[in-house]
Amino acid sequence: MYKLGLETKTRGDKLGRVANICLVVLASLSASLIYAFHLPIGIVIGAIIFVSLALCAVLIYPCASHSSTCRLTIMKGGRQLLEAFLWALPVDIIIMGILACGLATASPPLSGKELAVSLLVAAIILALVFWDGIIRIYLTSIQLGIRWRVLGIVAGWIFPVNLFVLTRMVAVVADEEEQERERLELDQVRASSQICHTRYPLLLVHGIFFRDFKKVNYWGRIPQALMKNGAVIYYGQQQSAASVEECGKELAERIDQILAETGAEKVNIIAHSKGGLDARAAISHWGMADKVASLTTINTPHRGCIFAEQLLTTIPEKTRQAVAARYNFVAGKVGDRGPDFLAGVTDLTASACREFNDQTPNMPGVLYESVGSYCRKAQSGRFPLNMTYPLVKHMDGLNDGLVSVDSAPWGSSFRLIEPRTNRGISHGDMIDLNRENIPGFDVREFYVGLVSSLKKRGY
């Protein structure tokens with residue numbers, strides 16, 4: 001992420017957070033303070049009205065300043081409310097304890113009834129602040145994911161574990177807010193530059209077992225980041241599982257459709273996983289060489305997967321057919337015209353890829369480039385990549401959970417994404433499958449850089 005030299009936490013934001021905390025503390029202790037200092041009825045009524053209005057303002061508009069998007073504004077408000085809750089809770093406990101012990105300046109000390117009313121008021125106000133904040137971040141945060149949401153629910157019943165988990169959740173949300181704000185600022189600064197507005201439109205090609213759905217994007221947050229910087233994007237829309245030849249034919253038809261629609265002479269293809277083989281088939285076997293300017297493959301098994309071949313040979317035929325039949329049935333229901341699970345998987349084996357490479361030369365005039373990544377440990381990938389990683393490592397070596405590093409290079413250049421932490425970069429991470437902010441690797445900025453490089457070179 002580029003740093004713009006702008007403060008992500010402005011002075012107004014800090015003052016707003018302090019004001020929120022003070023108002024929540026004051027509101028939650030209002031009953032105790034009124035009883036403790038025996039204030040005149042006029043002052044009591046005025047104080048109650050003021051505190052109530054101020055509390056309502058905090059609950060509705062907790063943000064000191066508005067973020068650039070509705071989601072970030074709501075998420076930021078939730079984070080500030082939870083911060084106010086975490087600060088107000090110990091302050092309330094300490095002051096309540098002092099009052100209960102009769103060590104306050106009040107004379108006489110609070111009665112049992114007065115203390116009970118004070119505790120009830122404090123509990124209600126803290127509960128309102130907490131639930132307002134937690135609902136906001138649960139509804140808006142991407143980085144909390146399923147894990148933190150489930151932990152928050154489970155740990156909510158265990159004191160003091162619940163406070164520790166809540167503190168960590170607030171930190172995750174704060175980091176997400178900061179990164180997203182930096183990205184918004186960066187996109188605003190370079191908006192006029194249109195650094196991703198390439199000469200030819202982009203065609204994003206998905207891998208096996210996925211489709212291009214309108215509601216759930218295979219490429220996560222990547223297309224939006226590219227379009228904000230001027231990119232014109234289309235999707236492959238080939239079947240989720242079919243032979244490389246069949247998918248290549250479908251891509252060729254899709255390319256003709258895009259060129260007819262846009263009037264462009266060619267397209268730039270960025271293809272992930274098996275999509276890279278599909279794209280190569282479209283170029284070399286289905287007459288698209290003069291209609292494709294460049295092909296960039298992302299974690300594509302150009303030399304196949306030994307583990308896939310091993311699985312196909314060891315799994316009983318009856319089981320293979322049963323799994324294939326079930327998958328093909330489901331895939332047909334969601335839009336595949338002629339799904340073929342076994343053909344798709346078989347074309348990913350090492351032997352099939354050797355044959356494919358012999359029959360699929362790189363075509364003159366097309367720029368071929370490739371990218372790969374790898375995980376450092378099984379836990380680097382989400383399910384099921386965390387389970388396949390050890391098997392692939394045993395048979396294929398260093399890998400991203402599915403594709404080995406040795407299998408990914410193709411074309412005139414190959415870029416290996418080196419993990420900066422012990423986490424690594426998985427097969428799914430390379431397409432932002434889980435919408436996760438990964439330390440040391442900004443997947444959206446990576447694609448912005450990749451596409452801007454194509455533009456600089458005239459593609």
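This is a predicted model: local features need pLDDT of at least 70, side-chain atom pairs count only at pLDDT 80 or more; totals for chains, interfaces and linings use all residues.

A: Residues are numbered from 1 along each chain as its sequence is written, and side-chain values use heavy atoms, with hydrogens and water left out.

The largest pocket has a volume of about 1300 Å³ (the space filled by probe spheres set on grid points, which are joined across faces, edges and corners). A pocket here is an open set of points on a 1 Å grid over the protein atoms alone, where a 1.4 Å probe fits, with protein on both sides within 12 Å along at least five of seven lines; lining residues have an atom within 4 Å of a point.

Its lining is made up of 48 residues, and E436, N437, I438, P439 and F441 lie nearest the centre. Two or more lining residues come from each of α6 (145–155), α7 (161–189), β6 (413–417) and α16 (443–456) (DSSP runs numbered from the N terminus, helices being H or I of at least four residues and strands E of at least two). The biggest contributor is α7, with eight residues.

By class, the lining has 18 nonpolar, 11 polar and 19 charged residues (Ala, Val, Leu, Ile, Met, Phe, Trp, Tyr, Cys and Pro are nonpolar, Asp, Glu, Lys and Arg charged, and the others, Gly among them, polar).

Because domain 1 (1–186) and domain 2 (193–457) both give residues to this lining, the largest pocket lies between them; the domain bounds come from an automatic or database domain assignment.
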